[in-house]
Amino acid sequence: MTDTYVPGGRWRLWDQFALRGAGFPAGGVLRLAPGGLAQAADKFDPEEGAAGLAGERWGEFAALFADAQVETAHALQDIARMPAFREAVAWQNRPVLTSGITPFLNWTPTAAGRTSMPRQREELVAHYWQRFCVKNDTIGFFGPVGWGRWDLAAGAEEGIRVDPGTGLIAGSQVYFASWAIDALAARIDTDPALREWVAPRRVPFVRQAGMDVTVPGRPRQALDEGARAVLALCDGVRPAREIRAALPEVDVSAVLADLVARRWVVWKLEVPADARPERHLRAWLDRVGDAELRESGLAALDALERGRDRVGEADGPEALVAALTDLEAEFVALTETAAVREKAAGTAPCRALVYSDCRRAATATLGRTVHEALAPLDPLLTSAGWLTARLAEAVMARAREVYRRLAGQGPVDLAAFWFACMPILHGAARTESAGLQQEFRRRWDAILSPPPGTRRVRLPLEAVAGPVAEQFGGPGGGWTAARYLSPDIMIAASGEQAVERGDFELVLGELHVAANTLGASLFVNQHPDPGELLGLTGRDHPGPRLLPLLPKEHRSRLSARIRLSLVRPEDYYVALVDFTADPGRPRTVLSADVAVTERADGELAVVLPDGAEFPAVDVFSHVLTTLAMDLFQILPDGAEHSPRVTVDRLVVARETWRLPPSDMDFADEKDEARRFVRARQWRERRELPRFVFVVLPTETRPFYVDFDSPVYVNILAKAVRRMARKEPGGRAVFTEMLPNPEQAWLTDDRGEAYTSELRFVAVDEG
């Protein structure tokens with residue numbers, strides 16, 4: 001394998017990348033922009049105001065608009081009839097099919113019949129349609145994971161080559177949400193007879209030393225001989241019955257009850273965090289020695305797995321709905337738990353029992369032309385490395401103060417150190433990161449120096465590279481995971497041939513800081529050979545890593561789908577608070593059993609029970625990555641307008657507007673035709689492009705707007721009105737859509753084009 005570097009030499013790229021793309025053709029959204037309507041609307045003079053939107057000419061336009069809206073309603077019904085569309089909606093929000101899609105399809109569109117409810121249903125279909133057509137989300141067949149590779153060999157194609165494969169999807173899998181298997185495990189665990197086969201485990205931050213137990217922040221407590229013996233055997237591997245057999249002179253049940261009450265021990269059936277949690281539950285059930293107890297649990301698990309398999313085999317929306325409904329009924333009967341979790345701020349993304357991930361049939365190969373155009377990535381990555389290094393430096397300086405205070409009282413274990421650092425991680429570190437982001441923007445602003453009111457800033461690489469080296473030079477990283485940066489790059493081109501002849505631009509999407517996002521379960525499990533990704537990980541880390549164990553779920557940033565899966569047998573896990581690994585996995589240690597020391601150079605290190613030593617900063621890696629992931633912003637985010645910034649051929653910042661709801665007075669217009677005209681006049685006044693993505697504080701995710709499409713203008717207006725009610729001081733952020741739907745190069749075997757982005761993994765070798 002030949003190494004590929006971002007031109008500049010510091011950042012090595014993985015030889016393969018993820019190809020994220022929509023599952024419906026990009027041209028689908030253009031069906032909702034009636035031909036000629038925008039041009040007719042633009043004939044009204046904005047200087048005339050409301051007076052200009054009256055009279056005979058207005059009556060003619062209003063009639064044209066009414067006909068166009070009926071035409072759009074028919075187009076939306078055609079979309080809603082598509083089996084693939086209804087299947088995608090079934091995966092996203094099945095009740096909507098009954099409450100919204102079916103009544104919409106039973107309605108006959110007429111100008112007079114477009115009352116409030118039909119219009120809401122039009123917007124419902126259009127809203128899902130924009131997500132399926134132009135959002136590069138990665139989920140299900142409507143956002144399949146694709147893969148590509150570099151080929152820079154002499155004689156290879158210079159631009160980009162797409163092998164469309166056959167159909168859209170090469171492979172599909174249905175997974176249980178972890179909470180669903182946890183619910184079944186909890187139900188199984190209610191049987192007292194089965195409890196004897198459950199292995200109790202010591203809580204990670206509980207330290208046992210001889211006859212004493214220490215919990216961070218509490219006085220040391222003495223144990224009697226029986227409790228000491230039982231606690232020493234609570235390793236999460238030995239079932240309670242084995243502990244009982246090993247200690248016949250001890251009332252193990254009473255001791256375990258006391259240890260659990262003290263919160264020193266967890267004694268319940270737990271399923272490790274994994275994309276396939278049911279396999280772990282099955283493995284545990286297989287170890288239950290009592291056949292009757294074992295078969296009862298296996299029968300329940302078998303029933304759920306059969307239901308999941310029927311979901312995976314379902315062909316078409318009706319069959320899928322039936323399979324999902326049957327699975328939910330089976331789940332409720334077996335667990336006495338609701339089959340769908342309520343949506344709440346603290347709920348992880350997967351609310352349903354199962355989800356689907358798919359692998360795209362199309363693959364892509366990139367050549368020298370695209371590689372050379374990536375050169376401006378080098379200064380961007382270098383500046384991101386500065387961010388992580390400074391963040392780690394600031395946090396660890398405070399952590400050293402904590403360590404020295406604790407060390408003054410005796411040896412320091414990681415559990416005590418971790419809890420003592422909590423005020424830093426949840427307080428001072430956030431303050432430090434906010435200040436660091438301001439300094440980062442200030443330095444970039446000095447480099448780019450966009451004049452006020454400028455819409456386009458074009459700079460040669462040499463005008464940026466030198467100042468970046470001066471402002472952000474030096475070693476990057478800061479912690480092991482911070483060697484990784486994962487940039488999303490889009491190619492704005494009309495097709496493969498355009499890229500070959502150099503008629504294209506690259507566009508930076510997100511830059512994921514301090515994370516190899518291709519290591520997430522959703523990518524690894526959709527790779528044709530996950531061993532290749534593990535091999536690349538080994539190339540980056542010749543020795544073992546220390547990885548903190550994380551909770552199973554935490555809001556939108558942690559779930560089974562995005563959990564790091566590129567973990568090798570030689571890597572260590574350390575459980576700080578949560579224990580979500582298989583207790584039988586070698587090289588999994590508890591924080592209370594890990595020592596913290598200070599090296600001769602003043603850096604902190606952690607020493608594991610087997611003597612392995614790692615930088616202490618790696619213990620904080622997840623917290624630091626969470627703090628760092630949103631810091632990379634090279635332009636101020638408070639300005640009303642910021643320009644598109646292009647360095648050579650790479651657009652490093654798209655043109656953006658940040659406007660209060662009061663600025664968008666068209667949103668309050670009750671007449672649809674007038675609203676459409678006024679929205680277009682507002683767009684012209686603000687100099688927005690036709691296609692934008694909009695982010696509002698009251699919306700859960702960005703959404704697409706085409707100002708040539710009345711239905712998308714209506715969706716925007718409704719969202720603005722909602723923001724005006726709930727967040728009147730908020731701002732709507734409009735970002736130009738680049739590439740736009742007409743610049744899609746990724747094709748399938750039918751020649752349909754899809755929006756897409758390439759997610760690279762860059763490794764800092766500086």
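**A tour of the salt bridges and cysteines**

Select R149 to begin: this residue is partly exposed, with a relative accessible area of 34% (buried means under 20%, exposed over 50%, partly exposed in between, with a 1.4 Å probe and protein chains only). You are looking at a predicted model, where local features need pLDDT of at least 70, side-chain atom pairs count only at pLDDT 80 or more, and totals for chains, interfaces and linings use all residues. Residues are numbered from 1 along each chain as its sequence is written, and side-chain values use heavy atoms, with hydrogens and water left out.

E532 sits in helix 21 (residues 530-540) and R149 in strand 4 (residues 145-150), so the pair ties together parts 383 residues apart in sequence. Helices (H or I, at least four residues) and strands (E, at least two) are DSSP runs, numbered from the N terminus.

Next, pick E318 and R86, whose side chains meet in a salt bridge at 2.7 Å, N to O. E318 belongs to helix 13 (residues 317-335) and R86 to helix 3 (residues 83-93), 232 residues apart. Here E318 is exposed at 53%, whereas R86 is buried at 16%.

For a network of salt bridges, select D3, R12, R539, D540 and E765. The whole structure holds 63 salt bridges.

Finish at C133, buried at 0% relative accessibility.

Notes:
A salt bridge is a side-chain nitrogen of Lys or Arg within 4 Å of a carboxyl oxygen of Asp or Glu.
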